[in-house]
Every structure is written in C-alpha cells, then in structure tokens.
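Trainee: I have a new structure to look at. Can you walk me through its salt bridges?
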Amino acid sequence: MTPDSPPRRQVPFAGLPRVDDAELCRRAAEVAADLRQRRSVRHFSDRPVPDAAIDDCVRAALSAPSGANQQPWHFVTVTDPAIKARIRDAAEEEERAFYQGRAPAAWLDALGPLGTDEHKPFLEDAPCLIVIFAQMFGEHDGHKVKHYYVQESVGIATGILVTALHQVGLASLTHTPSPMRFLNEILDRPSSERPFLILVVGHPADGATVPDIERRPFDSSVTRR
Ligand code: IYR
C-alpha cells in the first residue's frame, strides 16, 4: 500500500553553524556544568514571571522532535490565582488519598528521602503553572488520526522546557498528582487529551532549600562501546 501523503520537499538545513572541536568541547563542559546546577524546587517566591518569557520557553519546547512530526501536545500556561487555587485543592485531595493509603509502602519508602507529603502550597505560591497534555489522537481533514510515540514525544518536549526554563534563570518542579483527570475539567481540555504533568515555574523563595541528594556517578549511568 502506498501512503496517502507524498514526501515533503527537502529544503537546505542551515540551523547549525560549523563549530571546531575545541569550541564544541568548551561549550559541552559549560552546558554540563550549568545543567548540573538544576534542581527541582518546591519553595517558590510570589515574584511574577513575564508572560513573554514563559511563552518563549514553551516556544522552545514546541521545537521538540515528535513521532511522525505529529506534535501531540498541548500546553496550558496558568497564572490566574483562582485557577491555581482550584488546581491546588483538587491535587491535594488526590495526594491525601495517595499518602494516606493509596500508595504502596514501597513507593512511600522511595519518596522518604524527598520529604514530600500531601501539602502542595507551591501550586498557589508559584506565579505560573504549565500544564502539559498529551494528545492521544489528532485530526486531519476532519478525520480522527492516531498519534504515535506520544509519551516519548511529550517527554522530550517537557525535557526541553525544563532545560529552557533553567537556562533563562527560572526554577521548576515536575509535579504529577495521580490521577490528574481533574485538570481536563478545570482547564477545559477535551477528554482525548491526557494530563502529562504539571510544571510549576517561578523564582525560588528566599531561603529555599532542596534535599541534599546525589546524582549517580557518570560510569554507573553511561557505558562506552
Ligand atoms: N505525586 C506525589 C508523589 C510523588 C511521586 C514521585 I515518583 C515523586 O518523585 C515525587 C512525589 C507528590 O507529588 O507528592
């Protein structure tokens, strides 16, 4: 069977100027050092963040590669205090159920070092929540079409967003209350979209702390063959 859509025409790729090896290694070391400073922050100041900066970081995320270039995502940026309060209420209700019984003991054990609990003040304190939805299906010429590699695609876009936010000087927290279906209702998104995660974004509060944890040694995460 032949596909319905022919290949797109090819255009010259000019997005990556040539860099010599010394400069490439210098940049790689700089990127690694910078990104190793990134931490998940749970204490946010109420200092607002310009909408334009959030939009540009999301714009960066929208450049992510995706299965068949289907771009199976939708990002909702929330700054309205009333909506943040509704999200916090709904998330804390799910989290109470999680911490008070739904979570298996082994999961609570794994979370012990992070010191997390059912209280999620950051959902209101932080100036911005970016709620990311995965579109399991899309529409093409009025027909429902299946999306491929949705989790991978949305995961990559989210990673680019986390990186972009860090690079511009903003802290973030990936937050996944479970289940998260309440987000469809609060944010008026169709049921064909699955909430993927909430990215809490802003400036760290004065005196913000993070757990004293380590990253695995390079050699335990990486093999060269
Ligand atoms: N959703 C809960 C539990 C939680 C789960 C994992 I995996 C974490 O890395 C952190 C928390 C919460 O947000 O508290």
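Mentor: A salt bridge here is a side-chain nitrogen of Lys or Arg within 4 Å of a carboxyl oxygen of Asp or Glu. The model is predicted, so local features need pLDDT of at least 70 and side-chain atom pairs count only at pLDDT 80 or more, while totals for chains, interfaces and linings use all residues. Residues are numbered from 1 along each chain as its sequence is written, and side-chain values use heavy atoms, with hydrogens and water left out.

Trainee: How many salt bridges does the rule give?

Mentor: The count is nine.

Trainee: What does K120 pair with?

Mentor: K120 forms a salt bridge with E95, and their closest N and O atoms are 3.6 Å apart. K120 lies in the loop between helix 4 (105-111) and helix 5, and E95 in helix 3, so the pair ties together parts 25 residues apart in sequence. Helices are DSSP runs of H or I, at least four residues, numbered from the N terminus.

Trainee: Is K120 buried or exposed?

Mentor: Buried, with a relative accessible area of 4%. E95 is buried too, at 6%. Buried means under 20% relative accessible area, exposed over 50%, and partly exposed in between (1.4 Å probe, protein chains only).

Trainee: Switching topic, where do E23 and R27 lie?

Mentor: Both are in helix 1 (residues 21-35), four residues apart, about one turn of the helix. E23 is partly exposed at 24% relative accessibility, and R27 is partly exposed at 42%.

Methods: Helix = DSSP H or I, 4+ residues; strand = E, 2+ residues; numbered from the N terminus.
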